[in-house]
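Good morning, and thank you for making time for this presentation.

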Amino acid sequence: MYKFYDQLLNLFLVKLIPQSKKSIKKGNKIFSGAIINKKNQIITLGTNNETLNPLFHGEIVTLNQYFKNKYNYRNTKDYIFISSHEPCSLCLSAITWSGFKKIYYFFPYSDTKNKFKIPHDLKILKEVFKISDGNYNKSNKYWNSYSILDEIKKLKNDEIIKLEKKIKIINKEYKYLSKLYQDNKKINIIPLK
Ligand SMILES: [Zn+2]
(Lines give C-alpha, C1' and ligand atoms only; values in the text may rest on other atoms or scores of the structure.)
Protein backbone atom coordinates (compact mmCIF):
# COMPACT_ATOMS: atom_id res chain seq x y z
CA MET A 1 0.00 0.00 0.00
CA TYR A 2 2.98 2.34 0.47
CA LYS A 3 3.26 2.81 -3.29
CA PHE A 4 -0.43 3.65 -3.57
CA TYR A 5 -0.24 6.43 -0.97
CA ASP A 6 3.06 7.71 -2.32
CA GLN A 7 1.45 8.08 -5.74
CA LEU A 8 -1.63 9.72 -4.24
CA LEU A 9 0.59 12.35 -2.60
CA ASN A 10 2.41 12.84 -5.90
CA LEU A 11 -0.93 13.44 -7.58
CA PHE A 12 -1.45 16.38 -5.20
CA LEU A 13 2.07 17.76 -5.62
CA VAL A 14 2.35 17.41 -9.38
CA LYS A 15 -1.22 17.88 -10.61
CA LEU A 16 -3.88 19.04 -8.13
CA ILE A 17 -1.97 21.82 -6.36
CA PRO A 18 -0.61 23.49 -9.54
CA GLN A 19 -4.03 23.25 -11.26
CA SER A 20 -5.81 24.61 -8.18
CA LYS A 21 -3.46 27.57 -8.03
CA LYS A 22 -4.61 28.67 -11.51
CA SER A 23 -8.27 28.27 -10.58
CA ILE A 24 -7.95 30.11 -7.22
CA LYS A 25 -6.37 33.10 -8.95
CA LYS A 26 -9.71 33.49 -10.78
CA GLY A 27 -11.54 33.67 -7.41
CA ASN A 28 -12.45 29.98 -7.08
CA LYS A 29 -12.16 27.86 -3.96
CA ILE A 30 -9.26 25.55 -3.09
CA PHE A 31 -11.03 22.25 -3.74
CA SER A 32 -10.18 19.68 -6.40
CA GLY A 33 -10.88 16.10 -7.38
CA ALA A 34 -9.44 13.29 -9.48
CA ILE A 35 -10.36 9.82 -10.69
CA ILE A 36 -7.69 7.14 -10.89
CA ASN A 37 -7.73 3.50 -12.00
CA LYS A 38 -6.42 0.46 -10.13
CA LYS A 39 -2.94 1.02 -11.55
CA ASN A 40 -2.94 4.52 -10.05
CA GLN A 41 -3.15 6.12 -13.48
CA ILE A 42 -5.03 9.41 -13.60
CA ILE A 43 -8.17 9.16 -15.69
CA THR A 44 -9.30 12.74 -15.16
CA LEU A 45 -9.13 15.60 -12.68
CA GLY A 46 -10.87 18.89 -12.00
CA THR A 47 -10.74 21.99 -9.84
CA ASN A 48 -13.41 24.16 -8.25
CA ASN A 49 -15.05 26.57 -10.69
CA GLU A 50 -17.77 28.20 -8.59
CA THR A 51 -17.19 31.60 -10.17
CA LEU A 52 -18.77 30.12 -13.32
CA ASN A 53 -21.50 28.16 -11.51
CA PRO A 54 -21.89 27.64 -7.73
CA LEU A 55 -22.52 23.93 -8.35
CA PHE A 56 -19.13 23.47 -10.01
CA HIS A 57 -17.31 22.07 -7.00
CA GLY A 58 -13.96 20.38 -7.71
CA GLU A 59 -15.63 16.96 -7.53
CA ILE A 60 -18.51 17.95 -9.83
CA VAL A 61 -16.12 19.40 -12.42
CA THR A 62 -14.15 16.13 -12.23
CA LEU A 63 -17.29 14.01 -12.70
CA ASN A 64 -18.57 16.14 -15.60
CA GLN A 65 -15.19 15.81 -17.28
CA TYR A 66 -15.16 12.06 -16.64
CA PHE A 67 -18.61 11.38 -18.11
CA LYS A 68 -17.82 13.25 -21.32
CA ASN A 69 -16.29 9.92 -22.34
CA LYS A 70 -19.17 7.45 -22.59
CA TYR A 71 -16.76 4.52 -22.26
CA ASN A 72 -16.09 5.63 -18.69
CA TYR A 73 -19.69 4.86 -17.65
CA ARG A 74 -18.86 1.20 -17.14
CA ASN A 75 -15.75 1.74 -15.01
CA THR A 76 -16.85 3.72 -11.98
CA LYS A 77 -17.09 0.72 -9.65
CA ASP A 78 -13.44 -0.15 -10.37
CA TYR A 79 -12.07 3.38 -10.28
CA ILE A 80 -11.21 5.43 -7.21
CA PHE A 81 -12.44 8.93 -6.48
CA ILE A 82 -9.89 11.29 -4.94
CA SER A 83 -10.85 14.56 -3.31
CA SER A 84 -8.55 17.22 -1.89
CA HIS A 85 -11.05 17.85 0.92
CA GLU A 86 -13.72 15.61 2.42
CA PRO A 87 -16.58 15.93 -0.10
CA CYS A 88 -19.61 18.06 0.84
CA SER A 89 -23.17 16.68 0.82
CA LEU A 90 -23.67 17.72 -2.83
CA CYS A 91 -20.51 15.94 -3.93
CA LEU A 92 -21.05 12.85 -1.76
CA SER A 93 -24.40 12.44 -3.50
CA ALA A 94 -22.94 13.06 -6.94
CA ILE A 95 -20.19 10.48 -6.34
CA THR A 96 -22.85 8.03 -5.11
CA TRP A 97 -25.05 8.54 -8.18
CA SER A 98 -21.97 8.01 -10.34
CA GLY A 99 -21.37 4.52 -8.95
CA PHE A 100 -17.95 4.84 -7.27
CA LYS A 101 -17.11 2.41 -4.47
CA LYS A 102 -14.08 4.12 -2.95
CA ILE A 103 -13.47 7.75 -1.99
CA TYR A 104 -10.17 9.05 -0.62
CA TYR A 105 -9.76 12.59 0.69
CA PHE A 106 -6.81 14.52 2.13
CA PHE A 107 -8.27 17.21 4.43
CA PRO A 108 -11.21 16.34 6.74
CA TYR A 109 -14.24 18.62 7.28
CA SER A 110 -12.70 20.00 10.48
CA ASP A 111 -9.70 21.32 8.49
CA THR A 112 -11.98 22.82 5.82
CA LYS A 113 -13.79 24.72 8.57
CA ASN A 114 -10.91 25.65 10.88
CA LYS A 115 -7.76 25.85 8.75
CA PHE A 116 -9.40 26.98 5.53
CA LYS A 117 -12.20 29.09 7.05
CA ILE A 118 -14.85 27.49 4.80
CA PRO A 119 -17.54 26.18 7.20
CA HIS A 120 -20.35 25.31 4.76
CA ASP A 121 -19.82 21.52 4.51
CA LEU A 122 -20.39 21.02 8.23
CA LYS A 123 -23.08 23.72 8.43
CA ILE A 124 -25.15 22.24 5.58
CA LEU A 125 -24.94 18.72 7.06
CA LYS A 126 -26.17 20.14 10.39
CA GLU A 127 -28.82 22.55 9.11
CA VAL A 128 -30.28 20.51 6.24
CA PHE A 129 -29.69 16.91 7.31
CA LYS A 130 -29.38 17.25 11.12
CA ILE A 131 -25.98 15.50 10.98
CA SER A 132 -23.66 16.76 13.74
CA ASP A 133 -19.88 17.06 13.38
CA GLY A 134 -19.98 15.68 9.82
CA ASN A 135 -20.78 12.17 11.02
CA TYR A 136 -22.23 10.74 7.83
CA ASN A 137 -21.96 6.98 7.26
CA LYS A 138 -18.40 6.49 5.96
CA SER A 139 -18.88 2.81 5.24
CA ASN A 140 -22.21 2.20 3.54
CA LYS A 141 -23.94 0.16 0.87
CA TYR A 142 -22.65 2.42 -1.90
CA TRP A 143 -19.07 3.23 -0.93
CA ASN A 144 -16.37 3.55 1.69
CA SER A 145 -14.69 6.88 2.28
CA TYR A 146 -11.14 7.06 3.65
CA SER A 147 -8.98 9.77 5.11
CA ILE A 148 -5.64 9.48 3.29
CA LEU A 149 -3.80 10.71 6.40
CA ASP A 150 -5.52 8.19 8.70
CA GLU A 151 -4.78 5.34 6.29
CA ILE A 152 -1.09 6.34 6.05
CA LYS A 153 -0.86 6.08 9.87
CA LYS A 154 -1.54 2.33 9.50
CA LEU A 155 1.64 1.75 7.42
CA LYS A 156 5.10 0.72 8.69
CA ASN A 157 7.06 3.35 10.58
CA ASP A 158 9.78 3.87 7.98
CA GLU A 159 7.14 4.22 5.28
CA ILE A 160 5.25 6.80 7.32
CA ILE A 161 8.42 8.85 7.80
CA LYS A 162 9.04 8.89 4.05
CA LEU A 163 5.48 9.98 3.27
CA GLU A 164 5.46 12.62 6.01
CA LYS A 165 7.97 14.68 4.04
CA LYS A 166 5.50 14.95 1.18
CA ILE A 167 2.57 15.57 3.55
CA LYS A 168 4.45 18.50 5.04
CA ILE A 169 4.97 20.05 1.60
CA ILE A 170 1.30 19.52 0.70
CA ASN A 171 0.19 21.24 3.92
CA LYS A 172 2.51 24.15 3.24
CA GLU A 173 1.26 24.52 -0.34
CA TYR A 174 -2.39 24.51 0.79
CA LYS A 175 -1.64 27.13 3.41
CA TYR A 176 -0.49 29.36 0.59
CA LEU A 177 -3.51 28.44 -1.60
CA SER A 178 -5.84 29.21 1.28
CA LYS A 179 -4.38 32.67 1.74
CA LEU A 180 -4.70 33.25 -1.98
CA TYR A 181 -8.40 32.30 -1.87
CA GLN A 182 -9.17 34.36 1.22
CA ASP A 183 -7.42 37.40 -0.29
CA ASN A 184 -9.31 36.98 -3.59
CA LYS A 185 -12.76 36.05 -2.31
CA LYS A 186 -14.03 39.60 -1.76
CA ILE A 187 -14.30 40.07 -5.51
CA ASN A 188 -16.12 36.81 -6.33
CA ILE A 189 -19.89 36.39 -6.56
CA ILE A 190 -20.11 32.87 -5.07
CA PRO A 191 -23.21 32.64 -2.79
CA LEU A 192 -21.48 30.64 -0.03
CA LYS A 193 -17.91 31.95 0.20
ZN1 LIG B 1 -18.84 19.73 -2.91
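Predicted model: local features only at pLDDT ≥ 70, side-chain atom pairs only at ≥ 80, totals over all residues.

Five strands make up an open sheet, and their order is β2-β1-β3-β4-β5, with mixed pairing.

Strand β1, residues 32-36, is joined to strand β2, residues 42-47, by 5 bridges, and the two run antiparallel. Within this pair, Ser32 has Thr47 of β2 as its bridge partner. The two strands form a hairpin with 5 residues between them, and in the turn Asn40 has a positive phi of about 70°.

On the other pairing of β1, we find strand β3, residues 80-85, again in the antiparallel sense, with 4 bridges. Here Gly33 stands opposite Ser83 of β3.

How many of the 5 residues of β1 are buried? The count is 5 of the 5, so this strand is largely enclosed by the rest of the structure. In a regular strand, the side chains alternate between the two faces of the sheet. In β1 both faces are covered: Ser32, Ala34 and Ile36 are buried on one side, and Gly33 and Ile35 are buried on the other.

The parallel pair is formed by strand β4, residues 102-107, and β5, which are connected over 4 bridges. Lys102 has Asn144 of β5 as its bridge partner. Helix α1 packs on the sheet, where it touches β1, β2, β3 and β4, and its direction makes about 35° with that of β2.

I turn now to the helices, starting with α1 and its contact with α7. Helix α1, residues 2-24, packs against helix α7, residues 157-184, at an angle of about 15°, and the axes are 10 Å apart. The two helices are therefore roughly parallel. Their crossing is left-handed. The residues that make the contact include Tyr2, Leu9, Phe12 and Ile17 of α1, and Leu163, Ile170, Leu177 and Tyr181 of α7.

Next comes helix α2. This helix lies across β1, β2 and β3 and runs at about 135° to β2. Of its 9 residues, 7 are buried, so α2 is largely enclosed by the rest of the structure. Those buried residues are Gly58, Glu59, Ile60, Val61, Thr62, Leu63 and Tyr66. Which elements do the buried residues of α2 pack against? They pack against β1, β2, β3 and α3.

Helix α2, residues 58-66, and helix α3, residues 89-98, pack at an angle of about 20°, with axes 9 Å apart. They are therefore roughly parallel to each other. This crossing, too, is left-handed. On the α2 side the contact involves Glu59, Ile60 and Leu63, and on the α3 side it involves Cys91, Ala94, Ile95 and Ser98. These contact residues comprise 5 nonpolar, 1 polar and 1 charged.

Most residues other than glycine have a negative phi. Lys117, although not a glycine, has a positive phi of about 55°. Lys117 is found in the loop between α4 and α5. Is Lys117 buried or exposed? Lys117 is exposed, because 12 other C-beta atoms lie within 10 Å, and a residue with 12 or fewer counts as exposed.

Lys130 is also not a glycine, and its phi is positive at about 60°. Lys130 lies in the loop between α5 and β5. With 7 other C-beta atoms within 10 Å, Lys130 is exposed.

That concludes the presentation, and I thank you for your attention.

Conventions:
Residues numbered from 1 in each chain as written. Axes fitted to C-alpha atoms, helices over the stretch in contact; angles between N-to-C directions. Parallel < 35°, antiparallel > 145°, perpendicular 65-115°, else oblique. Left-handed = near helix turned anticlockwise from the far one by under 90°. Contact = placed C-beta atoms within 7 Å. Nonpolar A, V, L, I, M, F, W, Y, C, P; charged D, E, K, R; others polar. Buried ≥ 20, exposed ≤ 12 C-beta atoms within 10 Å, placed from the backbone. Pairing = 2+ DSSP bridges.
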